[in-house]
Amino acid sequence: MEPAPRINKALMPQYLGRTVRLVAKVSAPPDRNQDAQVESSDGERVTVHQANPGNYSNAFIEVIGKVNNDGSVTEYTSSSFGNDFNLPNYNEMILLAHMHQEIFIK
């Protein structure tokens with residue numbers, strides 16, 4: 001299994017059809033189609049097609065899933081990151097990881 005890189009919304013086009021990790025803030029609870037709206041670490045909105053509806057009980061989550069052509073993510077699994085998480089700092093880590101892929105990604 002290939003590693004799932006940590007990404008933000010801006011990096012999604014580079015990972016179409018691939019498995020990724022997205023840490024985000026839940027901005028709208030799942031709708032009747034089991035789609036949740038989240039805010040990625042770079043402040044952009046992403047639709048997540050949930051595998052386990054009702055799993056987003058805290059403000060911050062990590063979703064492991066596939067990036068779709070429309071910019072949404074189909075969840076394979078998710079984890080709670082609690083209610084107090086610094087997304088801007090996390091976004092800086094993502095940017096550094098992608099600048100130094102030889103250390104963080106490959």
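Contact is taken here to mean heavy atoms within 4.5 Å. In the predicted model, and with residues up to four places away in sequence left aside, Met12 touches Ile7, Leu22, Val46, Val67, Gly71 and Val73. Met12 also belongs, together with Ile7, Val38 and Tyr56, to the residues that have the most contacts inside the largest nonpolar core. This core comprises 22 residues. Two or more of its residues are given by each of strand 2 (19-28), strand 3 (35-40), strand 4 (45-49), strand 5 (60-67) and helix 1 (87-99). Strand 2 supplies the largest share, namely 5 residues.

Strand 2 also contains Lys25. Lys25 is classed as partly exposed because its relative accessibility is 36%, a value that falls between the limits of under 20% for buried and over 50% for exposed residues. When residues up to four places away in sequence are not counted, the contacts of Lys25 are with Gln37, Val38, Glu39, Ala59, Phe60 and Leu87. Val38, one of these partners, is among the residues with the most contacts inside the largest nonpolar core. The C-alpha atoms of Lys25 and Asn83 are separated by 9.0 Å in space, while the two residues lie 58 residues apart in sequence.

Regarding confidence, the pLDDT of the protein averages 89, and 92% of the residues score at least 70. Among the elements of the protein, the highest mean pLDDT, 96, belongs to strand 5, whereas the lowest, 66, is found for helix 2 (residues 101-104).

Notes:
Residues numbered from 1 in each chain as written. Predicted model: local features only at pLDDT ≥ 70, side-chain atom pairs only at ≥ 80, totals over all residues. Heavy atoms only, no water. Core = buried A, V, L, I, M, F, W, Y, C linked by side-chain atoms within 4.5 Å. Buried < 20%, exposed > 50% of the residue type's maximum accessible area, 1.4 Å probe, protein only. Helix = DSSP H or I, 4+ residues; strand = E, 2+ residues; numbered from the N terminus. pLDDT = per-residue confidence, 0-100.
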